Each structure stands twice: as C-alpha cells, then as structure tokens.
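Thanks for coming, everyone. I have one structure for you today.

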Amino acid sequence: MATAVALAALVSITAPVAALAKYASIVIDARTGEVLHEASADTRNFPASMTKMMTLHLVFDALDAGKIRLNQPLAVSRHASNMEPSKLGLQPGDSVTTEQCIQALVTKSANDCAVVLAEALGGSEANFARMMTDRARQLGMTRTTFRNASGLPNAGQLSTARDFARLAQSLIYDHAKYYPYFSASSFTYKGAVHRNHNRLMSRYDGMDGLKTGYIRASGFNLAASAERNGRRLIGVVFGGQTGTWRDNHMADLLDDAFTGKRGAPMLVASNQSKPAKGKTRTKPTAPEAVVAAVSDSIVGTANAAPAVASVPASRANGGWAIQVGAYNDKAQSQRAVNQATQKAGTLLDSATPHLMEVSTTKGTLYRARLTGLDEKTARRACAQLSKAGQKCLTLPPA
C-alpha cells in the first residue's frame, strides 16, 4: 500500500508531456548562397504557412508563362471556402483576382485563397501539391515534400531550413519583379484591413519579406530577408517557442551575420526576449546531465531523486518512443532531440519530439524524447543513434 501511494505521489508531480517542434535555423548570403550560420538545417520539419512561398512561386511561374493574369477573376470552390483559418472568408461562387489572392497570402496568410490559386493552376489542390513538390526538386529542395497549398497540418508535408533558404533565393532573384509583394504591410479586401503577420519587418532595419508560419506541430516559423549596405541575407527559423521569441531570435541571427560573427547561438530556451542594446547575452551555464544506460527504464541526472527515475512516463499519443537524454537544462534537452533527428536520417521524420518535464527534489529535469513510433522503427533508430555515438533508450507503450 505504501509503495502504491508513493508511486501515485511521484506520478502527480510529473508535468504533462509538452509537444516540442524541432528547432532548426540557417542564415545565408542571398547572392552567393554562402552559409553564415546553420543549426539542424537539414532536419525535416513542418513548414506550416511558409508553404505559401512555394504556392506563390508557382503562381509567379504561371504569370511569367502567360497562363494566368494578375487581374484574372478566379472561382471559389466549396473546398476552398471550407479551409480552416486564417482565411478571407470566401464563399462558394465568389470570385477573387489572382493579385488579391497573392496579397492575401503574403499578409493574411489566407488558406482559402491558397486553395483558389491551387485549383486555378492545378485543377485540384492535390495535383497542385504534386506540382509544388516537382518544382521543389527543380530548385534543389531535395528534402521537401508538399501535400497541400496552404501549410495546414499534414504529416507528409515536410521541409528543411536549408531548402526554404533556397526557395527564398529563387523568389528574390528568379521572380524579382514580384518580390515586392512580400514587403506589403497590409492588404485591404472588401473594406477590411489585414496586416502582415511578419511583425519583425516593421522593426528590423532592412527587412522586406518573406513569410511566417505556425501550426502546433511546427512551432513558430519564419523565412526572412534583409538588405544592409548592399548586402542581402536570408534567414530561416523553424520551431520557435513563441512568435516573439522567433522574431527576436531571427534578429539576433541576422545581426550576427551582418556583423561577421560566426556560430550564432542556436537556442537559449529560457530567454524569451531580445536584450537591450549595449547589453550582452547571458550564456547558459553548462547543464549537469547523465545520458541513459542501456538498463535504465528512464533517464535521470546525477541530481534526480532515484524514485522518480523508476517511474515509467506515459505518452499521450501512444506507441513506442525513444529517449536520447535527460538534462537539468531545457535547451540542452532540445538540442539532444535535434541531434537525434539529424543522426537518425529519415527514421525519425514522422516522430513527434517531446520534452517530459519532471520535478525532483533537486530541481526540474527535462527528458528528451521522440514519440509516436512503432517498435521496429524505435529499435532501428536507437541502433543507428548508438552507432553515431548518441546514447538512446527505447520505451514501450505505457
């Protein structure tokens, strides 16, 4: 009885599993393609509404080929009108011009307009998504697959920070005459003013585009470009914790790249605000951590209470999981997840990253996990990670 009570008490202090998007970032010289900063740049992530950059690329291709006109009225289907927000609220039977949809995608990130354009150019959204993927391959975006025109959640719609930097390059230079659309601060449709979701553009010197993105599985994403003293940079961030954090982090990365600093900070999870000018960043202290031994059922740290390490954690989404570390520092746990997704190749593309936050007598412990796997994939991923020098533990369904 005492054991059961003790276990219940331990479970009660275990925080719920929190979804964690895979962090990734890159900064390149827009003209030369030189990489000035990268962190997990080839990790596949959900692009969310940044998907609309490729939707617009195909629209610009079609405009240049004379297949469509800016002032051409486009029909609104029931499928388009049924899209989840953000949207303009188009109704079946309405018409909207190509240019209005371009402006709506850039500013409002209107999902209904994305489908209107997709159906106008591809006949169906599914066919248009195949066209998007084909165009991605032509641009050298080798790790990108599109399943829809909007970026709404789809497990098969994946890309990388490096691929989206390449897409931004093409939009800026291959479609230079259309690129100014991305700098619009607002768009008015039927009397309603829709402001650009890229709020960083209004406060970062030289920034003139491109696109934000957010779904729960992706975190807060941003592809941005800025020009200073005749030099243009492109930055991409996936997996921001909040919109403000993402914007501030992008500003830090671009600032460092413009001033010639290398190795810009990948992530400081506890720092949600940009330091005031003249103040230096506070560097996180080195976390104390012990990586899992093969016999452990749960990874602990040297400071963790032994009883906590003996309690199996539940996984809300079911199935098998792997654990790749446990740390006293949240950012270090996130880095362990990022490193695992890189080292495991495509095995973890469908996994959901999680941090399991556990209260201990010595403080908070963050267990770094990837969940939603079948047993075979979990064991194969762990075997591959072990060969790559990253310790790993498979966890069966609770």
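Look at the hairpin of β2 and β3, which has 5 residues between the strands. Within that hairpin, glycine 33 takes a positive phi near 85 degrees. Keep in mind that this is a predicted model.

Now the strands themselves. β2 covers residues 24-29, and β3 covers residues 35-39. How do β2 and β3 pair? In the antiparallel sense, over 4 bridges.

Move along the chain. Between β3 and α2, the helix at 52-64, there is a loop, and phenylalanine 46 is found in it. What does phenylalanine 46 touch, leaving out residues up to four places away in sequence? The list includes Asn154, Ala155, Gln157 and Leu158. It also includes Ile215, Ala217, Ser218, Asn221 and Phe238. Phenylalanine 46 and threonine 160 are 114 residues apart in sequence. In space, C-alpha to C-alpha, they are 8.2 Å apart.

Next, the cavity. How many cavities of 30 Å³ or more does the structure hold? The count is 1. The largest cavity has a volume of about 30 Å³. Phe46 is one of its lining residues, together with Pro47 and Ala48. Gly151, Leu152, Pro153, Asn154, Gln157 and Ile215 line it too. Asn154, Gln157 and Ile215 are also among the residues that phenylalanine 46 touches.

What is the lining made of? Its residues divide into 6 nonpolar and 3 polar, with no charged ones.

That's my tour. Over to you.

Technical notes: Residues numbered from 1 in each chain as written. Predicted model: local features only at pLDDT ≥ 70, side-chain atom pairs only at ≥ 80, totals over all residues. Heavy atoms only, no water. Pairing = 2+ DSSP bridges. Helix = DSSP H or I, 4+ residues; strand = E, 2+ residues; numbered from the N terminus. 1 Å grid on protein atoms, 1.4 Å probe; cavity = no way out; pocket = protein on both sides within 12 Å on 5 of 7 lines; lining within 4 Å. Points joined across faces, edges and corners; volume = space filled by probe spheres on them. Nonpolar A, V, L, I, M, F, W, Y, C, P; charged D, E, K, R; others polar. Contact = heavy atoms within 4.5 Å.
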